[in-house]
Amino acid sequence: MRVLGRLALAIVWLSGSATTWSLVLWLVITRNVGAIADFWAPERLLAYALFVAAPAFTFAPLARLARVPFLEIEAIAGWSTSLYVWTFIDPSRVDGALAMLVILLPLLVAISSVYTLLVASISRRIAIRRGQEPDPLVARRRGYVLGFFTVGCVLLQSLQALTALNAGLLGLIALFVELLAMTWFAPVRAGGEPGRGTSGNRRRWNEYGRGAPGRG
């Protein structure tokens with residue numbers, strides 16, 4: 001019975017996600033809802049609701065399975081804002097730097113939420129096999145690093161500067177950020193000096209900024 005219940009929930013989730021995203025595409029592409037000037041037009045109101053419902057229906061169950069705190073909120077905020085901006089805001093009417101911020105910041109959150117979900121799922125399986133506890137903070141950090149690289153490539157493409165060399169340099173920057181974060185937030189090894197209060201279960205003091213590193 002439990003297996004049948006999970007199968008039924010999976011079918012409902014797949015059907016709901018497919019339906020809501022199909023309606024989003026129909027409104028944006030077929031109906032061209034972005035060309036409707038009236039803010040309170042019925043099709044625009046339906047689009048507002050679907051822009052929230054589609055990512056909510058898709059990411060809420062997945063975020064719960066991945067066990068990354070607030071991931072569903074990030075996904076809903078990022079994807080709904082990105083859909084609204086892409087549909088209703090004309091970048092040519094916004095100042096250049098502001099337009100980049102308005103477009104790329106929600107896109108970064110949206111794409112990073114997908115990467116975070118993937119990294120958390122993979123990390124969880126690896127951690128279970130090794131008998132360890134998965135770290136959702138690491139999954140979120142790596143998701144945003146990957147999102148930074150992807151959005152950076154999008155920005156380079158919009159500037160007509162996306163080349164293999166520039167993409168490689170951007171990848172090296174993202175890798176450097178990840179290596180720096182791994183060092184900065186690395187767990188303190190057990191067996192340190194007893195008087196300094198080191199512990200295998202506590203991260204470096206830098207992560208939370210709680211006092212000097214030699215204090216417990």
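Predicted model: local features only at pLDDT ≥ 70, side-chain atom pairs only at ≥ 80, totals over all residues.

Student: How many helices and strands does the chain have, and what counts as one?

Tutor: Helices are DSSP runs of H or I with at least four residues, strands are runs of E with at least two, and both are numbered from the N terminus. The chain has six helices and zero strands, and its pattern along the sequence reads α-α-α-α-α-α.

Student: What makes helix 1 and helix 2 roughly antiparallel?

Tutor: The axes of helix 1 (residues 2-30) and helix 2 cross at roughly 150° and come within 9 Å. Axes are lines fitted to C-alpha atoms, for helices over the stretch in contact, and angles run from 0 to 180 degrees between N-to-C directions. Angles under 35 degrees count as roughly parallel, over 145 as roughly antiparallel, 65 to 115 as roughly perpendicular and the rest as oblique. Helix 1 and helix 2 are therefore roughly antiparallel.

Student: Which hand does the crossing of helix 1 and helix 2 have?

Tutor: The crossing of helix 1 and helix 2 is left-handed; that term applies if the near helix is turned anticlockwise from the far one by less than a right angle, and right-handed applies if clockwise.

Student: Which residues make the contact of helix 1 with helix 2, and how do they divide by class?

Tutor: Contact means heavy atoms within 4.5 Å. Among the residues that meet are W13, W21 and L27 in helix 1 and L50, F51 and P61 in helix 2. The contact of helix 1 with helix 2 has 16 nonpolar, four polar and one charged residues. Here Ala, Val, Leu, Ile, Met, Phe, Trp, Tyr, Cys and Pro count as nonpolar, Asp, Glu, Lys and Arg as charged, and the others, Gly among them, as polar.

Student: How are helix 2 and helix 3 arranged?

Tutor: Their axes come within 8 Å and cross at roughly 150°, and helix 2 and helix 3 are therefore roughly antiparallel. The crossing of helix 2 and helix 3 is right-handed. Residues that meet include F51, F59 and A63 in helix 2 and L71, W79 and F88 in helix 3. By class, the contact of helix 2 with helix 3 divides into 16 nonpolar, two polar and two charged residues.

Student: What orientation does helix 5 have relative to helix 6?

Tutor: The axes of helix 5 (residues 136-158) and helix 6 (residues 164-184) approach within 10 Å and cross at roughly 160°. That makes helix 5 roughly antiparallel to helix 6. The crossing of helix 5 and helix 6 is right-handed. Among the residues making this contact are F148, F149 and G152 of helix 5 and L170, I173 and V177 of helix 6.

Student: Which residues make up the largest nonpolar core, and what is such a core?

Tutor: A nonpolar core is a set of buried Ala, Val, Leu, Ile, Met, Phe, Trp, Tyr and Cys residues joined through side-chain atoms within 4.5 Å. The largest has 12 residues in all, including F59, A63, L71, W79 and L117. Helix 2 (42-66), helix 3 (71-88) and helix 4 (96-130) each supply at least two residues of this core, and helix 4 gives the most, with four. A second, separate core of 10 residues includes V24, L27, L50 and F88.

Student: Why is S112 called buried?

Tutor: Buried means under 20% relative accessible area, exposed over 50%, and partly exposed in between (1.4 Å probe, protein chains only). S112 has a relative accessible area of 0%, so S112 is buried. S112 is found in helix 4 and, leaving aside neighbours within four places in sequence, is in contact with G143, Y144 and G147.

Student: Is G152 buried or exposed?

Tutor: G152 is buried, because its relative accessible area is 13%.

Student: What makes F70 and Q160 exposed?

Tutor: F70 counts as exposed because its relative accessibility is 58%, and Q160 because its relative accessible area is 75%. F70 lies in the loop between helix 2 and helix 3, and Q160 in the loop between helix 5 and helix 6.

How values were computed
Residues numbered from 1 in each chain as written. Heavy atoms only, no water.
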